[in-house]
Amino acid sequence: MNGILYGVGVGTGDPEMMTLKAVRIIRSADVICLPKIPKEECRAYRIALQAIPEIAEKEVLSFDFEMTRDKNVLKAKHEEIYHEVREQLQEGKTLAFLTIGDPTVYSTFCYLAKMAGTDGLPVRFISGVTAFLASAAGCGISLCEGNEDLHIFSGQKGIGDIGEKLLLPGTKVILKCGRRAEEIKERLCKLEQENNVEIYTVQECGTDMERIFHGADSIPTDGKYMTTIIVKETVI
């Protein structure tokens, strides 16, 4: 009988925000899979280790996911990684692939899940607290109320793709915008002057290094990858 591939969200950094189900699945897994080599440098592993110290003794498969926009290179790398995962599943092992936040939101796990699903292998998603939810909580604000809309998009595409989206009604959340922070900041400063909006930025959410900034002018441009910006309409 084939094993099960779990995508387990471990939250943003605070081990106390891991769900009971995530802890149970990780404890029961035969193999822990990680999206970074070595395991000691994997943020998801370090989070889980604080809540479940015994995983240090478990078998670990660490993978080096290519950071490139070349689709052919990515496809080849994902297939190489999946081949190893599939072998483990066909041996009947239960695998827990740890992801920061939630496995359904910008997660490397999704690539493996699609391939396993195509092969008819069982896949399960275990939800975790996302950066935009934890960031809003850290800022002490609601993301949406009543009939307000909530829009979530990646900040890695650049301001050309983001500009029009910032004019959508409701709350806008820009994830992983560290590398584009300078150009996004410039646009948000203008938006803040011309519209009734409140802008919050959170870096390293859920960790000891968490920092919260209020206002477009205070957005840091130090290029930190784990940067989340919330643009919330205000009612006058």
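Is Cys139 buried or exposed, and what is the relative accessible area of this residue? In this predicted model, Cys139 has a relative accessible area of 16% and is therefore counted as buried, since that label applies to values under 20%. Cys139 takes part in no disulfide, and the nearest cysteine sulfur, which belongs to Cys205, lies 8.3 Å away.

A disulfide is a covalent bond between the sulfur atoms of two cysteines, and a search of the whole structure finds 0 disulfides. For Cys42, the closest cysteine sulfur is that of Cys33, and because the distance between them is 11 Å, the two are too far apart for a bond. Cys42 is buried as well, with a relative accessible area of 2%.

From these buried residues the reader can turn to the nonpolar interior. In soluble globular proteins, nonpolar side chains tend to be buried together. Here the largest nonpolar core holds 21 residues, of which Val8, Val10, Met18, Ile26, Ile32, Ala48 and Leu98 touch the most other members. Two or more residues of this core come from each of the strands β1 (5-9), β2 (31-34) and β4 (95-99), and likewise from the helices α1 (20-28) and α2 (43-51). Leu98 shows how the contacts reach across the sequence: leaving aside residues up to four places away, Leu98 touches Val8, Val10, Ile26, Ile32, Cys33, Leu34, Pro35, Ala44, Tyr45 and Ala48.

Some places in the backbone also deserve attention. Most residues other than glycine have a negative phi, and most peptide bonds are trans. The peptide bond from Ile37 to Pro38, however, is cis, with omega near -10°, and Pro38 is placed in the loop between β2 and α2. Lys176, in the loop between β7 (171-175) and α7 (181-194), has a positive phi near 50°. Tyr106, which lies in the loop between β4 and α4 (109-118), also has a positive phi, near 50°.

Tyr106 leads the reader outward to the surface, where Tyr106, Leu150 and Ile152 form a nonpolar patch with about 250 Å² of accessible area together. Tyr106 counts as partly exposed because its relative accessibility is 44%, a value between the 20% and 50% limits. Ile152, found in strand β6 (residues 150-154), is likewise partly exposed, at 35% relative accessibility.

Technical notes. Residues are numbered from 1 along each chain as its sequence is written. This is a predicted model: local features need pLDDT of at least 70, side-chain atom pairs count only at pLDDT 80 or more; totals for chains, interfaces and linings use all residues. Side-chain values use heavy atoms; hydrogens and water are left out. Patches are made of residues with over 30% relative accessible area and no salt bridge: like charges are joined within 9 Å, nonpolar side chains (Val, Leu, Ile, Met, Phe, Trp, Tyr) within 5 Å. Accessible areas come from the Shrake-Rupley method with a 1.4 Å probe; for residues, only the protein chains shown count as cover. A salt bridge is a side-chain nitrogen of Lys or Arg within 4 Å of a carboxyl oxygen of Asp or Glu. Helices (H or I, at least four residues) and strands (E, at least two) are DSSP runs, numbered from the N terminus. Buried means under 20% relative accessible area, exposed over 50%, partly exposed in between (1.4 Å probe, protein chains only). A nonpolar core is a set of buried Ala, Val, Leu, Ile, Met, Phe, Trp, Tyr and Cys residues joined through side-chain atoms within 4.5 Å. Contact means heavy atoms within 4.5 Å. A disulfide is a pair of cysteine sulfur atoms within 2.5 Å.
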